[in-house]
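Visitor: Hi, could we go through the charged side chains in this one together?
Guide: Happy to, let's bring it up.

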Amino acid sequence: MENKINELLNQQINFEFYSAYLYLAMSTYFSEINMDGFAKFMKNQAKEELEHAQKIYDYLLLRNEKITYQRIEAPDTDWVNAQDVLDEAIEHEKMISSKIHELYKTAKEKDDFATMNFLNWFVEEQLEEEEKFRILQEKIKAFDECSCTLEAMDRELNKDQ
Ligand code: OFO
């Protein structure tokens, strides 16, 4: 594997761990304001992110590649309301999608077909992640003025998890 691809895959592991950290912090925020459905949703997201990191880790091992460890940043947690949290989550997912695309482009330039094939799963997954957050963000936006509806949504989410 080319060094650049190894470097980007290792960096992606770090992004995925950061995503888990960020969503866990968002889950804490929702727990603290007693929105348990949203808290559960974010906690599940955090778990998924750990699985994403593990997937890349396993792929590097499979290719007999070096795994490097980097510092995981602390997320900013100064959200003011649910809308604010979801806005950040969706922006974050867009940033992660762009990182996956950058990785894919590099793998393509280097004719690393195995990595391109591996990344297909992530390209698909990012579509789902962005869509999941976007739907929630839009619902929150629509219900912004009515806390009773937001509470009903929270109950719905609580049932779904
Ligand atoms: Fe790993 O998909 Fe979200 O960040």
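Guide: One definition before we start: helices here are DSSP runs of H or I with at least four residues, numbered from the N terminus. Keep in mind too that this is a predicted model.

Visitor: Thanks. How far apart are E131 and R134 in helix α4, in helical turns?
Guide: About one helical turn, because E131 and R134 are three residues apart in helix α4. Their side chains meet in a salt bridge, with 2.9 Å from N to O.

Visitor: Tell me about K132, then. How close do its atoms get to E48?
Guide: The closest N and O atoms of K132 and E48 are 3.4 Å apart, and the pair forms a salt bridge. This one links distant parts of the chain: K132 sits in helix α4 (residues 113–142) and E48 in helix α2 (residues 36–62), 84 residues apart. K132 is partly exposed, at 28% relative accessible area, and E48 is partly exposed as well, at 24%.

Visitor: How many salt bridges does a search of the whole structure find?
Guide: Eight. Another one of them pairs K94 with E91, at 3.6 Å from N to O.

Visitor: Where do K94 and E91 lie?
Guide: Both are in helix α3, three residues apart, which is about one turn of the helix. K94 counts as partly exposed at 42% relative accessibility, and E91 does too, at 47%.

Visitor: Switching topic: what about E93, buried or exposed?
Guide: E93 is buried, yet it has no salt bridge. E93 lies in helix α3, which covers residues 82–109.

Visitor: Why no salt bridge for E93?
Guide: Side chains of opposite charge can pair when their charged atoms come close. The nearest side chain of opposite charge to E93 is K132, 8.1 Å away, whereas a salt bridge needs the nitrogen and the carboxyl oxygen within 4 Å.

Visitor: So which side chain makes a polar contact with E93?
Guide: Y23: the side chains of E93 and Y23 are joined by a polar contact of 2.6 Å.

Visitor: And what else does E93 touch?
Guide: Leaving out residues up to four places away in sequence, E93 touches E49, Q126, E129, E130 and F133, along with Y23.

Note on methods. Residues numbered from 1 in each chain as written. Predicted model: local features only at pLDDT ≥ 70, side-chain atom pairs only at ≥ 80, totals over all residues. Heavy atoms only, no water. Helix = DSSP H or I, 4+ residues; strand = E, 2+ residues; numbered from the N terminus. Buried < 20%, exposed > 50% of the residue type's maximum accessible area, 1.4 Å probe, protein only. Lys, Arg positive; Asp, Glu negative; His and termini not counted. Polar contact = N/O pair within 3.5 Å; in protein donor to acceptor, adjacent residues only side chain to side chain. Contact = heavy atoms within 4.5 Å.
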